[in-house]
Amino acid sequence: MTAHITSISISGLRTLEQFKLDLGGLTVLIGENGSGKSSVIEAFELLRRLTNNEFTSNYNHIHGGDGLLLRQGSQEIRLLVELSQLGSWQATYEVWFSKVGVRYEAIRVCAEDSTWIRPVNRSLNELEVFSLSGDSGFRELISAYESAINQRASGHPDQIVRDVIDAIRHIDVHLPFDTLAHWAAKSQGSRVPPMRDSVTIAPAPKLDRFGSNLPCVYHQLQNESSREQWDYTMELVRMGLGEWVESVNTRSDPGGGRIALSVKPRHTDTQIPAASLSDGQLAYLAFVALTQLPTERSVLCFDEIELHLHPKMLSQVLYLLEVVAEKVPVVVTTHSRRLLDLLSNPASSVAILDFDSQRWRTELRRFDAEALSAWLKDYEGLGKILDAGYQESFLSEPAS
Ligand SMILES: Nc1ncnc2c1ncn2[C@@H]1O[C@H](COP(=O)(O)OP(=O)(O)O)[C@@H](O)[C@H]1O
Ligand SMILES: [Mg+2]
């Protein structure tokens with residue numbers, strides 16, 4: 001099983017300076033425009049890219065390098081995540097980088113002694129092991145460390161380092177699904193989103209960003225899950241789209257090799273091609289795929305979860321995510337008050353990002369659970385309370 005990420009600390013990234021976010025279950029980030037929510041999501045994406053050899057090039061050419069990311073006045077971006085493999089080990093992964101590359105990278109595994117394992121030169125083959133307290137001999141340390149690990153984690157340090165890297169690689173970051181209407185794409189000369197089009201059949205271990213392999217994911221769900229699981233998936237689809245849905249189908253092109261998605265209504269012989277579904281219907285199908293496909297993940301992140309969704313559909317999506325969050329940490333950002341009204345545990349889920357323009361930095365605030373629950377007796381939900389302007393009454397002081 002993939003280890004989970006239990007917190008992220010960020011500094012030097014735009015407004016994020018000495019910023020720490022604890023994760024567990026569902027975390028909902030809210031805050032005004034420019035408060036730093038998307039930057040937190042981008043930090044997760046940067047972490048994921050660190051496991052690939054092209055990191056420095058990706059940092060500069062995809063993420064815009066220091067010019068778009070680095071906080072004014074900072075020399076580098078520093079990220080640290082805490083990870084946990086349930087019942088086995090806890091670790092931190094820390095990395096410092098800028099446009100010239102990674103300057104420092106360390107993995108600390110918490111066993112019985114306090115020992116660092118550091119991949120040198122970004123190569124996992126060479127491990128440098130040293131102690132923080134540090135005066136015992138190098139060899140001694142390794143064997144002390146290994147026996148501690150063997151007792152507690154039944155794994156070689158090498159293996160734990162690999163597991164940490166594997167968890168970082170399995171950070172899953174999503175932005176709103178690309179549901180752009182067929183005509184809108186055509187009229188600006190761009191490609192019709194793959195969700196609406198036919199795509200080459202390929203294995204689908206995960207739903208790709210923007211839902212670009214959605215037909216493949218449904219194909220796989222239909223062909224590789226049990227009958228019961230597939231029926232359940234169709235129930236979830238009906239929960240969002242309505243009882244009129246008989247099933248979701250993947251039709252092959254006459255030429256073969258490519259498939260497209262369609263929805264079959266009950267009581268008719270026609271199919272509705274994905275190309276003519278509404279944005280919200282298509283996005284909902286993608287949320288079902290995202291949450292029902294068994295995907296290895298250390299955390300699931302989703303920026304602006306509510307885009308395209310009617311409040312009723314949004315509540316179904318929240319249900320899908322709360323179920324996933326029982327197994328793996330989920331982080332979403334939203335501006336939807338409706339979603340906040342619907343949360344099962346608003347005090348523990350919601351984190352408010354507040355941009356302090358004097359200090360030019362994001363402050364993280366949480367709710368005082370007791371004070372909030374007193375307020376909730378008089379209001380329908382957290383969203384309503386925030387709309388009425390009472391948030392100061394039950395917000396804790398900024399964490400930093
Ligand atoms: N180089 C920089 N240094 C400091 N702050 C920056 C820099 N570049 C952009 N910003 C600020 O960072 C914030 C980015 O916000 P973002 O993460 O997109 O917020 P949200 O998703 O909450 O709307 C904006 O407030 C922007 O003004
Ligand atoms: Mg944003």
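A: Let's start at the ligand: the residues of the shell around ligand 1 split into two nonpolar, nine polar and three charged. Here Ala, Val, Leu, Ile, Met, Phe, Trp, Tyr, Cys and Pro count as nonpolar, Asp, Glu, Lys and Arg as charged, and the others, Gly among them, as polar. Before going on, this is a predicted model: local features need pLDDT of at least 70, and side-chain atom pairs count only at pLDDT 80 or more, while totals for chains, interfaces and linings use all residues. Residues are numbered from 1 along each chain as its sequence is written, and chains are lettered from A and ligands numbered from 1 in the order in which they are written.

The shell is made of 14 residues, with R14, G34, K37, S38 and S39 the closest; to be in it, a residue needs its C-beta atom, placed from the backbone, within 6 Å of the molecule. The part to look at is helix α1 (residues 37–50), which gives the most to this shell, with three residues. Helices (H or I, at least four residues) and strands (E, at least two) are DSSP runs, numbered from the N terminus.

How enclosed is α1? Of its 14 residues, 12 are buried, so the helix is largely enclosed by the rest of the structure. Buried means 20 or more other C-beta atoms within 10 Å of a residue's own; 12 or fewer makes it exposed, in between partly exposed, with C-beta atoms placed from the backbone. K37 is on the buried list, and so are E42, E45, R48 and R49, along with F44 and others. In the protein's 400 residues, 39% count as buried.

An open sheet of six strands runs β9-β14-β15-β3-β16-β17, with mixed pairing; strands pair if DSSP finds at least two bridges between them. The helix packs on that sheet, touching β3, β9, β14 (299–302), β15 (330–333) and β16, and its direction makes about 140 degrees with that of β9. Contact means C-beta atoms, placed from the backbone, within 7 Å, and angles run from 0 to 180 degrees between N-to-C directions of axes fitted to C-alpha atoms, for helices over the stretch in contact.

Terms used:
Two residues are in contact if their C-beta atoms, placed from the backbone, lie within 7 Å.
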